[in-house]
Amino acid sequence: MADDANIIAALAGEELSPAAREAFAELADRNALLRASLSEMRERVSELEQLADTDPLTPLPNRRRFLREIERVAAHAKRHGTPAAVLYVDLDNLKAINDKHGHFAGDAALIHVARLLQGLIRSTDMAARIGGDEFALILDHLDHHSAIDTAERIARCIADNPLDLGNSLVTVEASIGTATLLPGDTVEDVMQRADRNMYLAKADG
């Protein structure tokens, strides 16, 4: 603070008076406080943005964040000609779990599946909760056949890892639809195809 005053004085080629030094010191203190306040505000804004992008229960990214990620991956795929896929995951028996064991068990099932999904994807991929019992994944650099293989592996993993409710084990079942990003796709296009294929998978059992 006093150094700032000395620098200004040196640039001006003259010594500062005690009153001027005190004024500069006060200004420097205020400037430091302002910088600290701005830093706190930036951190708070970052926290609020993170909350706005996060599902409050699981907590995976929410639909809002997921749709932005699809746009980013689609732009990258178009620019570099690399494949990418979307997986739409719907839990088949969440209502039955709620009805038999209560809504606490239903919430536990959602958290359980979210953790499984997070553990099954690469660091470059994203899993998100996009609705009540619906999840979605964006898998970069994955072609059509690899996406189908991944969907089958995820469905088996969910079925093979029952939810432990303490007094009982509950099997969670999921249907998964896949869609690869095609040239010219909009976010709505690929999400609708993945959703449609998920219902076909559900119908096929």
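How do the residues lining the second largest pocket divide into nonpolar, polar and charged? The exercises below work through this predicted model.

**Exercise 1. Characterise the second largest pocket.**

Step 1. Take the volume: about 200 Å³.
Step 2. Identify the lining. It has 13 residues, and Ala-74, Lys-78, Leu-182, Pro-183 and Gly-184 lie nearest the centre of this pocket.
Step 3. Find the main contributor. Helix α3 (residues 63–80) gives the largest share of this lining, four residues.
Step 4. Sort by class. The lining holds eight nonpolar, three polar and two charged residues.

**Exercise 2. Describe the largest pocket, from volume to lining.**

Step 1. The space in the largest pocket comes to about 240 Å³.
Step 2. Its lining counts 14 residues. Nearest the centre are Ala-151, Glu-152, Ile-176, Gly-177 and Ala-201.
Step 3. Assign elements. Two or more lining residues each come from α6 (144–160), β6 (174–180) and α7 (187–204).
Step 4. Sort by class. Six lining residues are nonpolar, six are polar and two are charged.

**Exercise 3. Work out how helices α4 and α5 pack.**

Step 1. Locate the helices. α4 covers residues 94–101, and α5 covers residues 103–120.
Step 2. Get the geometry. The helices pack at an angle of about 145°, and their axes are 6 Å apart.
Step 3. List the contact residues, using heavy atoms within 4.5 Å as the cut-off. From α4 come Leu-94, Ile-97, Asn-98 and His-101. From α5 come His-103, Ala-105, Gly-106, Ala-109 and Leu-110.
Step 4. Sort by class. The contact has five nonpolar residues, four polar and no charged.

Note on methods
Residues are numbered from 1 along each chain as its sequence is written. This is a predicted model: local features need pLDDT of at least 70, side-chain atom pairs count only at pLDDT 80 or more; totals for chains, interfaces and linings use all residues. Side-chain values use heavy atoms; hydrogens and water are left out. Axes are lines fitted to C-alpha atoms, for helices over the stretch in contact, and angles run from 0 to 180 degrees between N-to-C directions. Ala, Val, Leu, Ile, Met, Phe, Trp, Tyr, Cys and Pro count as nonpolar, Asp, Glu, Lys and Arg as charged, and the others, Gly among them, as polar. On a 1 Å grid over the protein atoms alone, a cavity is a set of points where a 1.4 Å probe fits but cannot get out, and a pocket is an open set with protein on both sides within 12 Å along at least five of seven lines; lining residues have an atom within 4 Å of a point. Grid points are joined across faces, edges and corners, and a volume is the space filled by probe spheres set on the points.
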